[in-house]
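Subject: Two-chain model, handover and findings

Hello,

Here is the structure I promised to pass on. Please open it alongside this note; what I found follows below.

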Amino acid sequence: MAVQQAVGIANHPVVTIKLASTSDELMQCYMLRAAVFMGEQHCPYGEEFDGNDYTASHVIMYVDGEPAGSMRLRWFQSFCKFERCVVLRPFRGLGIHHEINAWCKEFARRKGYTKVYLHLQRRHMPMMEKEGFRRVDDRVFNFSDHEYYAVYCELEPVADAVRLDTEPMVMNRPEDRLDALGILEKSAARGASNPHAPRPERRVN
Amino acid sequence: MSTIAQSIGGETITTKLAMKMEDSLHAFAVRAACFIGELDMPYSEEFDGHDFGATHVIAYVGDEPAGTVRVRWFQSFAMPERLAVIQRYRGHGIGQMLLERCRKLADGRGCNMLYVQALPGDVKYWEKQGWRRLVSEEASSGAKRIVAMVKAVDPSKPLPEVEAPESIVLRPEPQLDSSGLPRGSATN
């Protein structure tokens, strides 16, 4: 599920979604959020970049190769929290936020999560109800000038979710490409020379 | 010319050069808010590959990043570009403050000319701040034409009536490394 492509009608844009795994891709996520939250919704920098960016997974979406949307995921014990979902203005109205949501749900399922939680701007409730989200309770709270609901959605467990008994080298793979050989599996071919050990005990391959 | 405020809502306005990763993120976020968020510029045009060969100046209102400008350095001139101020902080002279910081920076480096590429609609803004067209009148007919403007770094040493020095042309700097196009990272 590494790269999801929507190829449909001839002129439908090509949508690509991946885990941000380089500093460039991370930068793209941040800048899309700055564009939408700071530029359009007038959120202060200090609230948008809240200190949790370095404890989260970031997902980047391209439309015809151009950065167009992003989502931040944080991992708690019993649920995954979706945050900071954005689609740039020129790319709205194509329904592509459903694709990024779907991608993130699959990503969370594969990591073994069966629940997604998020803080939803009240105005978006109808849109997210269609995706199976329900309110946790009837609290309404506000931050950064918007009203929010706490909502959640159940995820169907998958058979190949990562668990303790998962093949160790599978866990080492890039998390959005668990089915493809990872760089560390190639390194296994070098054998264990134990470079930490005193010289006489090291093994030459 | 609007006066330059020292503070907004009791918060002091300061400027500084980006020295750390986090500082550059402040500069980039302000540009993303203004150019991508407000003006719908594509990401790949806004972040064009010149950000790591340039100096970034940032303005803060209290701790909040409020404006930025990027300066690129050439042998015969310094080029401020990507001037941006967050919407709610406009009208307080922060743009001027940033450009003044660029001028001092250029002065300190022994540079004597500042050069900008302005949109025709913004020419008056620049002229009010002492800039003049590099090539007098003509050229700027089309709506999106860019106007080259210059200003002396030291006001007591006005620029001679230069014919456009050869290096100053209305053309984007050639890609320094055509294999490293910023767009490349966005495909696939």
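How many helices and how many strands are there in chain A? There are six helices and eight strands. Helices here are DSSP runs of H or I with at least four residues, strands are E runs of at least two, and both are numbered from the N terminus.

First, the ground rules. This is a predicted model, in which local features need pLDDT of at least 70, side-chain atom pairs count only at pLDDT 80 or more, and totals for chains, interfaces and linings use all residues. Residues are numbered from 1 along each chain as its sequence is written, while chains are lettered from A and ligands numbered from 1 in the order in which they are written.

**Chain A overall**

Along the sequence, the pattern of chain A is β-α-α-β-β-β-α-β-α-β-β-β-α-α. Its C-alpha atoms fill a box of roughly 65 × 40 × 35 Å along the principal axes. Of the 205 residues in chain A, 28% are buried. Buried means that 20 or more other C-beta atoms lie within 10 Å of the residue's own; exposed means 12 or fewer, partly exposed is in between, and C-beta atoms are placed from the backbone. Take the contacts in chain A with a separation of 6 or more: 55% of them involve residues 24 or more positions apart. A contact requires C-beta atoms, placed from the backbone, to lie within 7 Å.

**Domains of chain A**

The domain assignment gives domain 1 (15-161) and domain 2 (165-205). Such bounds come from an automatic or database assignment. The domain centres, taken over C-alpha atoms, are 33 Å apart. Five residues of domain 1 are in contact with four residues of domain 2. On the domain 1 side, strand E1 (15-19) and helix H3 (96-110) each supply at least two residues. By class, that side has two nonpolar, one polar and two charged residues. The classes are: nonpolar for Ala, Val, Leu, Ile, Met, Phe, Trp, Tyr, Cys and Pro; charged for Asp, Glu, Lys and Arg; polar for the others, Gly among them.

**Two helices of chain A**

Helix H1 (residues 23-40) has 18 residues and reaches 25 Å from its first C-alpha to its last, close to the expected 26 Å. The expected span is 1.5 Å times one less than the number of residues. H1(A) bends by about 25° at Ala34(A). That bend is the angle between axes fitted to the seven residues ending there and the seven starting there. H1(A) is largely enclosed by the rest of the structure, because 14 of its 18 residues are buried. His42(A) follows H1(A), with a positive phi near 60°.

H3(A) has 15 residues and reaches 22 Å, close to the 21 Å expected. Its buried residues include Trp103(A), Cys104(A) and Phe107(A). The buried residues of H3(A) pack against E1, strand E2 (57-63), strand E3 (66-75), strand E4 (80-87) and strand E5 (115-121) of chain A. Just after H3(A), Gly112(A) takes a positive phi of about 100°.

**A residue in strand E8**

Glu147(A) lies in E8 (residues 146-154) of chain A. Why does Glu147(A) count as exposed? Because it has 12 C-beta neighbours inside 10 Å. Beyond its neighbours within four places in sequence, Glu147(A) is in contact with Gln121(A), Arg122(A), Val140(A) and Asn142(A). His119(A) is 28 residues from Glu147(A) in sequence and 9.4 Å away, C-alpha to C-alpha.

Chain B has four helices and eight strands. Its pattern reads β-β-α-α-β-β-β-α-β-α-β-β. Buried residues make up 32% of its 188 residues.

The contact between the chains takes 25 residues from chain B and 21 residues from chain A. On the chain B side, helix H1 (21-38), helix H2 (43-46) and strand E4 (64-73) give two or more residues. H1(B) gives the most, with ten residues. By class, the chain B side has 13 nonpolar, six polar and six charged residues.

**The core**

The largest nonpolar core has 88 residues, and those with the most contacts inside it are Met31(A), Ala29(B) and Leu114(B). Such a core is a set of buried Ala, Val, Leu, Ile, Met, Phe, Trp, Tyr and Cys residues joined through C-beta atoms within 7 Å. Beyond its neighbours within four places in sequence, Leu114(B) has contacts including Phe77(B), Cys102(B), Ala106(B) and Val150(B).

Best wishes

Notes
Two residues are in contact if their C-beta atoms, placed from the backbone, lie within 7 Å.
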